[in-house]
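Visitor: Could you walk me through this structure, one topic at a time? I'd like to start with the overall layout and then look at the spaces inside.

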Amino acid sequence: MDKIIVRGGNRLTGTIPISGAKNAALTLLPCALLTDEPLTLRNLPRLADIDGFQHLMNQFGVTTVIQGSRPEDFGRVMSLEATRITSSVAPYDLVRKMRASILVLGPMLARMGEATVSLPGGCAIGNRPIDLHLKALEAFGAEIELAAGYVKAIAPDGGLPGGDFDFPVVSVGATENALMAAVLANGTSRLFNAAREPEIVDLCNLLVAMGAEIEGIGTSDLTIHGVKRLHGATYRVMADRIEAGSYACAAAITGGDVVLGGARADEMQATLHALQAIGCEVEEVKGGVRVAANGPLKATNLTTAPYPGLATDMQAQLMALLCKAEGTSVLKETIFENRYMHVPELSRMGADITTEGRTAIVKGVSTLTGAEVMATDLRASMSLVIAGLAAEGETQVRRLYHLDRGYERLEEKLQLVGADIERVGDD
Ligand code: UD1
């Protein structure tokens with residue numbers, strides 16, 4: 001297995017190209033199931049999860065073609081065509097590797113009248129139920145059965161009637177599944193307290209481009225008027241605001257000055273505000289967002305929350321940055337109950353962090369030291385790379401499959417701005 005070796009101390013400067021958003025791509029890809037016409041997605045990140053999703057779509061009989069992309073380019077174009085769906089079953093073997101597979105449930109049910117999906121695996125960041133996905137589909141008229149580790153959703157003869165659902169907690173995944181099911185329902189559906197993350201807006205924009213009728217896009221109350229059929233479309237995946245935020249933290253911890261090429265400030269306000277509170281300079285520039293850390297880093301208090309609050313997906317990276325800030329920071333994780341698995345690893349590098357339940361107290365230290373550390377989930381892995389960039393000596397990060405799920409050619413992008421980082425085979 002490969003590992004990443006980071007030698008800390010280099011100041012990062014220059015431009016980092018930001019890829020298409022993984023979390024948007026993984027909800028745009030299953031939209032191909034909603035039409036028998038081709039769906040072409042541009043700016044797809046080259047990531048293990050995207051390859052996995054492509055494989056899952058092939059399993060249903062969807063043909064996929066990757067168009068003219070050179071290996072040196074970031075991003076890819078994929079055309080998907082679900083002329084005929086040959087299977088409506090998402091097997092355990094594929095789903096366990098990728099939690100996002102659950103997102104085929106809604107569109108498959110809408111198109112085929114039934115769908116069978118294995119219960120998902122994915123990041124080990126707490127107990128991640130799918131009850132809200134199922135309740136929303138039930139509210140639209142589906143019948144749900146759970147047996148032998150699989151969920152089976154069945155629509156009445158003639159298709160889903162549609163209906164109303166009020167989410168008791170904001171769920172990104174459940175909102176996505178519900179949207180993709182409702183667009184082909186016979187009637188009108190309404191979602192209350194829906195997630196309004198930029199990735200949800202991206203999904204709505206694609207569905208509208210395919211002929212869907214959705215009101216309230218970008219708000220937490222969505223009205224979806226079901227249509228008889230959707231058509232094909234060509235659509236560009238939004239920039240990855242979490243990847244951009246991660247590189248902003250990487251630059252900041254080195255006292256660097258980088259432009260996040262292609263990033264959109266309006267989609268990452270909470271992260272940019274956090275960086276400003278920590279003492280970074282942040283500005284929108286032509287073609288991206290510039291983040292510079294010219295003065296000392298300062299402690300701050302942060303709480304994750306559904307959008308437009310601070311993304312839970314930024315918590316680990318910001319924590320790594322705060323390890324080197326002057327003073328004591330308090331972090332609260334309100335989305336997941338077990339998302340501090342990077343803390344013991346950061347501590348091995350000399351960080352001073354204590355946790356109690358969902359709260360972490362980070363006392364800034366003047367020196368982090370390189371160590372051999374183990375990645376535990378996607379964003380946790382990135383936090384270790386960030387700490388390594390500012391640590392004295394060498395940091396080795398293992399279990400790179402986590403990083404490869406969400407960061408397109410991480411080491412190449414960091415090398416572009418001057419980091420001393422490389423991927424080597426494990427010995
Ligand atoms: C969440 C994040 C998303 C992030 C992703 C990967 C939020 C609101 N969502 O999305 O930004 O990209 O993790 O790290 O920050 N829940 C239920 N039942 C369900 C579904 C969810 O109780 O059926 C709960 C979860 O346990 C969690 C909360 O709702 O406490 C939000 O979960 P959800 O938004 O669904 O998670 P993801 O879609 O995985």
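Guide: What follows goes through the domains, the pocket and cavities, the nonpolar cores and some backbone details.

Visitor: Before the details, what kind of model is this?

Guide: This is a predicted model, and the positions discussed below should be read with that in mind.

Visitor: Okay, which domains does the chain have?

Guide: The domain assignment gives domain 1, made of 2–18 + 239–425, and domain 2, which covers 22–236. Taken over C-alpha atoms, the centres of domain 1 and domain 2 are separated by 30 Å, and the contact between them takes 23 residues from domain 1 and 23 residues from domain 2.

Visitor: Let's go to the largest pocket. How much space lies in it?

Guide: The largest pocket holds about 1200 Å³ of space. Its lining has 45 residues, and those nearest the centre of the pocket are Arg128, Val172, Gly173, Ile335 and Phe336.

Visitor: Which domains does that lining draw on?

Guide: Domain 1 and domain 2 each provide at least three residues of the lining of the largest pocket.

Visitor: And which helices supply residues to it?

Guide: At least two lining residues come from each of α1 (22–28), α5 (131–139), α6 (172–182), α8 (241–253) and α12 (378–390). The helix that gives the most to this lining is α6, with 4 residues.

Visitor: How does that lining divide by residue class?

Guide: The lining of the largest pocket divides into 21 nonpolar, 9 polar and 15 charged residues.

Visitor: Arg128 came up there. How far is the C-alpha atom of arginine 128 from that of arginine 99?

Guide: The two C-alpha atoms are separated by 9.5 Å, although arginine 99 and arginine 128 are 29 residues apart along the chain. Arginine 99 sits in the loop between α3 (92–95) and α4 (105–112).

Visitor: Is arginine 99 buried or exposed?

Guide: Arginine 99 counts as buried because its relative accessible area is 16%, where the cut-off for buried is under 20%.

Visitor: What lines the largest cavity?

Guide: Its lining includes Arg241, Ile242, Glu267, Met268, Tyr307, Pro308 and Leu310. Both α8 and α9 (269–277) supply at least two residues of that lining, with the largest share, 3 residues, coming from α9. By class, the lining of the largest cavity has 7 nonpolar, 3 polar and 2 charged residues.

Visitor: You listed Tyr307 and Pro308. What is the peptide bond from tyrosine 307 to proline 308?

Guide: The peptide bond from tyrosine 307 to proline 308 is cis, with omega near 10°. Proline 308 lies in the loop between β18 (302–303) and α10 (315–322).

Visitor: And what lines the second largest cavity?

Guide: Among the residues lining the second largest cavity are Ser19, Lys22, Pro45, Asp240, Glu243 and Tyr407. This lining has 3 nonpolar, 3 polar and 4 charged residues, and at least three of its residues come from each of domain 1 and domain 2.

Visitor: Now the packing. Which residues touch the most other members of the largest nonpolar core?

Guide: The largest nonpolar core has 80 residues, and Leu34, Phe60, Leu179 and Leu191 touch the most other members. The largest share of this core, 6 residues, comes from α6. A second, separate core has 74 residues, including Ile242, Leu310, Val365 and Ala371.

Visitor: What does phenylalanine 60 touch?

Guide: Leaving aside residues up to four places away in sequence, phenylalanine 60 touches Leu33, Arg84, Ile85, Thr86, Ser87, Ser88, Val89, Ala90, Val104 and Met108.

Visitor: One last topic, the backbone. What is phi of arginine 409?

Guide: Phi of arginine 409 is near 45°, a positive value in a residue other than glycine, and arginine 409 is found in the loop between α13 and α14 (410–416). Arginine 399 also has a positive phi, about 60°, although it is not a glycine, and its place is in the loop between β23 (394–398) and α13 (401–406).

Visitor: What is the relative accessible area of arginine 399?

Guide: Arginine 399 has a relative accessible area of 32%, so it counts as partly exposed.

Note on methods. Residues are numbered from 1 along each chain as its sequence is written. This is a predicted model: local features need pLDDT of at least 70, side-chain atom pairs count only at pLDDT 80 or more; totals for chains, interfaces and linings use all residues. Side-chain values use heavy atoms; hydrogens and water are left out. On a 1 Å grid over the protein atoms alone, a cavity is a set of points where a 1.4 Å probe fits but cannot get out, and a pocket is an open set with protein on both sides within 12 Å along at least five of seven lines; lining residues have an atom within 4 Å of a point. Grid points are joined across faces, edges and corners, and a volume is the space filled by probe spheres set on the points. Ala, Val, Leu, Ile, Met, Phe, Trp, Tyr, Cys and Pro count as nonpolar, Asp, Glu, Lys and Arg as charged, and the others, Gly among them, as polar. Domain bounds come from an automatic or database domain assignment. A nonpolar core is a set of buried Ala, Val, Leu, Ile, Met, Phe, Trp, Tyr and Cys residues joined through side-chain atoms within 4.5 Å. Buried means under 20% relative accessible area, exposed over 50%, partly exposed in between (1.4 Å probe, protein chains only). Contact means heavy atoms within 4.5 Å.
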